[in-house]
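Colleague: I am new to reading models. Could you walk me through a few features, one at a time?

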Amino acid sequence: FKLNPGFAVYQGKHEYDGQIADFSPEGLKAQIDYRKKVIADAKAFDASKLDEKQKFERDYLVHVMEGDLFGLEEADNPHKNPGYYVGQLDPNVYIARPYADATTRMKAFIKYANNVPKVAEQIKANLTLPMPATFVKLGAAGFGGFADYYTGDAKKAFASVKDEALQKQFDEAANKAAASMKELAGWIGSKPGTDGGFAL
């Protein structure tokens, strides 16, 4: 949850509201190191002392972590595929899931939006251009879509909150977040996409 706060929020761990994963080189290394440790710890169990259900759960965990590692290391998605980030940046949980009153969720969204510009810089530092044309389309549509969402549907979702100061905070945070996403989308599309890109 600490490494993947966006995932934590979607699981109902709202102490992580507004947080976004660290996509810096150190943050990505922590993601890889964590998965390697989980795999090693799981494999360290004495299989002869586990029943069939426990063996299945152990093996399932190992395979999930190995799948994550493939994406992080071999496919190198953080440096090659904007799709790696699009899913993790989705703020829809604050808008569409009524887990708390609108004011509480609005404050969580503001915190999230204030974190977006820093994350956008990390993403830009990680991705390598040019990318396959399909990835360029995905990144431009995904990040550009967030820009429109922050100031459009997200703004409408909290229109019922009658707190002028909070609405002002929202506008400032959403506008900065939208600007950073528009800049990122434009940067991704600044070089023509290459052919291919489908092979894992």
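Modeller: Start with polar contacts. A polar contact is a pair of N or O atoms within 3.5 Å, where one must be able to donate a hydrogen and the other to accept it. Keep in mind that this model is predicted.

Colleague: Which backbone nitrogen does the side chain of Asp51 reach at 2.7 Å?

Modeller: That of Gln54. The side chain of Asp51 also has a polar atom 3.1 Å from the backbone nitrogen of Lys53.

Colleague: Where is Asp51 found?

Modeller: In the loop between α2 (25-43) and α3 (52-74).

Colleague: Is Asp51 buried, partly exposed or exposed?

Modeller: Look at relative accessible area. Buried means under 20%, and exposed means over 50%. Asp51 has 41% relative accessibility, so it counts as partly exposed.

Colleague: Now the helices on either side of that loop. How do I describe a packed pair?

Modeller: Two packed helices are described by the angle between their axes and the distance between the axes. For α2 and α3, the angle is about 155° and the axes are 9 Å apart. Because of that angle, α2 is roughly antiparallel to α3. Their crossing is left-handed.

Colleague: Which residues make the contact?

Modeller: From α2, they include Ile32, Val38 and Ile39. From α3, Leu61, Val62 and Leu69 are among them. Charged residues take part too. Sorted by class, the contact of α2 with α3 has nine nonpolar, one polar and seven charged residues.

Colleague: Let me try another pair. At what angle do the axes of α7 and α10 cross?

Modeller: At roughly 25°. Helix α7 covers residues 102-126, and its axis comes within 9 Å of that of α10. Angles under 35 degrees count as roughly parallel. Therefore α7 is roughly parallel to α10. The crossing of α7 past α10 is left-handed. By class, this contact has 16 nonpolar, five polar and four charged residues.

Colleague: Can we zoom in on one residue? In which helix is Gln167?

Modeller: Gln167 sits in helix α10, which spans residues 164-188.

Colleague: Why does Gln167 count as buried?

Modeller: Use the cut-off again: buried means under 20%. Gln167 has 13% relative accessibility, so it counts as buried.

Colleague: Which residues does Gln167 touch, leaving out those up to four places away in sequence?

Modeller: Gln167 touches Met106, Lys155, Phe158, Ala159 and Val161.

How values were computed. Residues numbered from 1 in each chain as written. Predicted model: local features only at pLDDT ≥ 70, side-chain atom pairs only at ≥ 80, totals over all residues. Heavy atoms only, no water. Helix = DSSP H or I, 4+ residues; strand = E, 2+ residues; numbered from the N terminus. Buried < 20%, exposed > 50% of the residue type's maximum accessible area, 1.4 Å probe, protein only. Contact = heavy atoms within 4.5 Å. Axes fitted to C-alpha atoms, helices over the stretch in contact; angles between N-to-C directions. Parallel < 35°, antiparallel > 145°, perpendicular 65-115°, else oblique. Left-handed = near helix turned anticlockwise from the far one by under 90°. Nonpolar A, V, L, I, M, F, W, Y, C, P; charged D, E, K, R; others polar.
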